[in-house]
Amino acid sequence: MPVAIFISGHGSNLQILIDQQHQLGIEIKVVLSNCAQVFGLMRAKKENIPTIVLDHEAFTSRETYGLALKEMILPFCIDYIVLAGFMRILSADFVRHYAGKIINIHPSLLPQYKGLNTHQRVLENQEAYHGATVHFVTEKLDDGANIIQAVLAVQPTDTVSTLANRIQMIEHSIYPMALSWLSEKRLKYENNQVWLDYQLLPQSGWVIS
Ligand code: GRF
């Protein structure tokens, strides 16, 4: 299953997908970043995966950036776009073009804690549980139907940094799992609902705790 991976940073999720791409049945055709100087790009280059840098600051609007993104990605003939720490909101036109073909990983139990600084907000609100979610992408931020959610109990000793580490560890198991389901064609996404092996998933997605 040919995929493009979009990043903006360190790329630890990208690395896991690079390492497991053969077992997962995916082929990473291209890695795109909106920032030039990020470690994730080096990870791709080391594996001779084509890379593209498309700086959003060179565009006057989200829409023109989206058009340029589409033009860059089309030649790679990919089946899915995998957002792995891509810190830009995609244009409505881009999302519509790849409707049902874009997935994202987010460090919270969506629909709770959309947006940034999730660990900080979870601690401030003294939540008992936190987690990570893989979901389909729609035009609204962190809003599409969930595929998988991994839950962890917040410990009294947790800080932003311990939570960040623990959440990244669970991300590194749920993102490959979601991609293997997609490559094995076990997932169906329709009317913003997700089926796994013909079973409708709950709003939380498949839950691992
Ligand atoms: C992850 O925590 C992901 O949930 C969020 O961005 C982070 C990316 O981390 N969307 P990395 O670049 O894959 O290390």
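Is Cys77, at 58% relative accessibility, buried or exposed? The first close-up of this predicted model takes up that residue, and the others follow from there.

**View 1. Cys77 sits in the loop between helix H3 (62–73) and strand E4 (80–83).** Cys77 counts as exposed because its relative accessibility is 58%, and exposed means over 50%. Have a look at its backbone too: Cys77 has a positive phi of about 50° although it is not a glycine. For context, most residues other than glycine have a negative phi.

**View 2. The loop between strand E5 (102–106) and helix H5 (118–124) holds Pro111, and Tyr113 is found in that loop as well.** Here you can follow the peptide bond from Leu110 to Pro111, which is cis, with omega near 15°. As a reminder, most peptide bonds are trans. With 13% relative accessibility, Tyr113 counts as buried, since the cut-off for buried is under 20%.

**View 3. Helix H1 (residues 12–24) meets helix H2 (residues 39–46), with axes that come within 9 Å.** The two axes cross at roughly 15°, so H1 is roughly parallel to H2. The crossing of H1 past H2 is right-handed. On the H1 side, the contact is made by Ser12, Leu14, Gln15 and Ile18, and on the H2 side by Gly40, Arg43 and Ala44. Sorted by class, this contact of H1 with H2 has three nonpolar, three polar and one charged residues.

**View 4. The largest nonpolar core has 41 residues.** Ile5, Leu17, Ile28, Val31, Ile103 and Ile147 are the members that touch the most others in this core. Helix H6 (residues 160–183) gives the core its largest share, nine residues.

**View 5. Leu17 is shown with its contacts, leaving aside neighbours within four places in sequence.** Which residues does Leu17 contact on that basis? Ile5, Leu24, Ile26, Ile28 and Val82 are among them, and Tyr175, Pro176 and Leu179 complete the list.

**View 6. A second, separate core is made up of 20 residues.** Its members include Ala4, Leu54, Tyr65 and Ile81.

Definitions and conventions. Residues are numbered from 1 along each chain as its sequence is written. This is a predicted model: local features need pLDDT of at least 70, side-chain atom pairs count only at pLDDT 80 or more; totals for chains, interfaces and linings use all residues. Side-chain values use heavy atoms; hydrogens and water are left out. A nonpolar core is a set of buried Ala, Val, Leu, Ile, Met, Phe, Trp, Tyr and Cys residues joined through side-chain atoms within 4.5 Å. Buried means under 20% relative accessible area, exposed over 50%, partly exposed in between (1.4 Å probe, protein chains only). Helices (H or I, at least four residues) and strands (E, at least two) are DSSP runs, numbered from the N terminus. Contact means heavy atoms within 4.5 Å. Axes are lines fitted to C-alpha atoms, for helices over the stretch in contact, and angles run from 0 to 180 degrees between N-to-C directions. Angles under 35 degrees count as roughly parallel, over 145 as roughly antiparallel, 65 to 115 as roughly perpendicular and the rest as oblique. A crossing is left-handed if the near helix is turned anticlockwise from the far one by less than a right angle, and right-handed if clockwise. Ala, Val, Leu, Ile, Met, Phe, Trp, Tyr, Cys and Pro count as nonpolar, Asp, Glu, Lys and Arg as charged, and the others, Gly among them, as polar.
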